[in-house]
Amino acid sequence: MDRQRTLLQLTQKMSAAIVSEDWKTLAAINTLLATTLPQMAAQGAWSAPELAALSALRQMHEQAVKRCNQAAGELGRRLQEMQSNREGFVAYALESETAENGIQA
């Protein structure tokens, strides 16, 4: 296994997943890293290019974690807003349904 090439490919895939906010792919890459990195480490000492690729992957992983945390925060705020406005949503839905069915209140 060419460790440097594999690390660089994983870095590129992770970068693309971050940009596209592809959470499933990020989760899959994270799971893959948990099994692949120990296997790579068991192959022996890392060369300088491999260490550089590993460092780039680590930095990309940190960016992924930050973006995931940011997205989770955004989702939490959105859910809170929806919860706060629930009564309005229900009233609007009832009004819309009443109007569609021609029922007068």
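Biologist: In which hand does α1 pass α3?

Modeller: This is a predicted model, in which local features need pLDDT of at least 70 and side-chain atom pairs count only at pLDDT 80 or more, while totals for chains, interfaces and linings use all residues. Residues are numbered from 1 along each chain as its sequence is written, and side-chain values use heavy atoms, with hydrogens and water left out. Helices are DSSP runs of H or I with at least four residues, numbered from the N terminus. A crossing is left-handed if the near helix is turned anticlockwise from the far one by less than a right angle, and right-handed if clockwise; that of α1 past α3 is left-handed.

Biologist: Are α1 and α3 roughly parallel or oblique to each other?

Modeller: Their axes, lines fitted to C-alpha atoms over the stretch in contact, with angles from 0 to 180 degrees between N-to-C directions, come within 9 Å and cross at roughly 20°. Angles under 35 degrees count as roughly parallel, over 145 as roughly antiparallel, 65 to 115 as roughly perpendicular and the rest as oblique. The two helices are therefore roughly parallel.

Biologist: How is α2 oriented to α3?

Modeller: The axes of α2 (residues 23-41) and α3 come within 12 Å, crossing at roughly 140°. The orientation of α2 to α3 is therefore oblique.

Biologist: Is E50 buried or exposed?

Modeller: E50 lies in helix α3, which spans residues 48-84. Contact means heavy atoms within 4.5 Å, and beyond its neighbours within four places in sequence E50 contacts R3, Q4, L7 and A45. Buried means under 20% relative accessible area, exposed over 50% and partly exposed in between (1.4 Å probe, protein chains only). Because its relative accessible area is 13%, E50 is buried.

Biologist: What is the relative accessible area of A27?

Modeller: A27 belongs to helix α2. The residue is partly exposed, because its relative accessible area is 44%.

Biologist: Which residues touch the most other members of the largest nonpolar core?

Modeller: A nonpolar core is a set of buried Ala, Val, Leu, Ile, Met, Phe, Trp, Tyr and Cys residues joined through side-chain atoms within 4.5 Å. The largest one has 14 residues, and those touching the most other members are L7, M14, I18, L26, L33 and L57.

Biologist: Which residues does L57 touch?

Modeller: Residues up to four places away in sequence are not counted here. The residues that L57 touches are L7, L10, T11, M14, L33 and L37.
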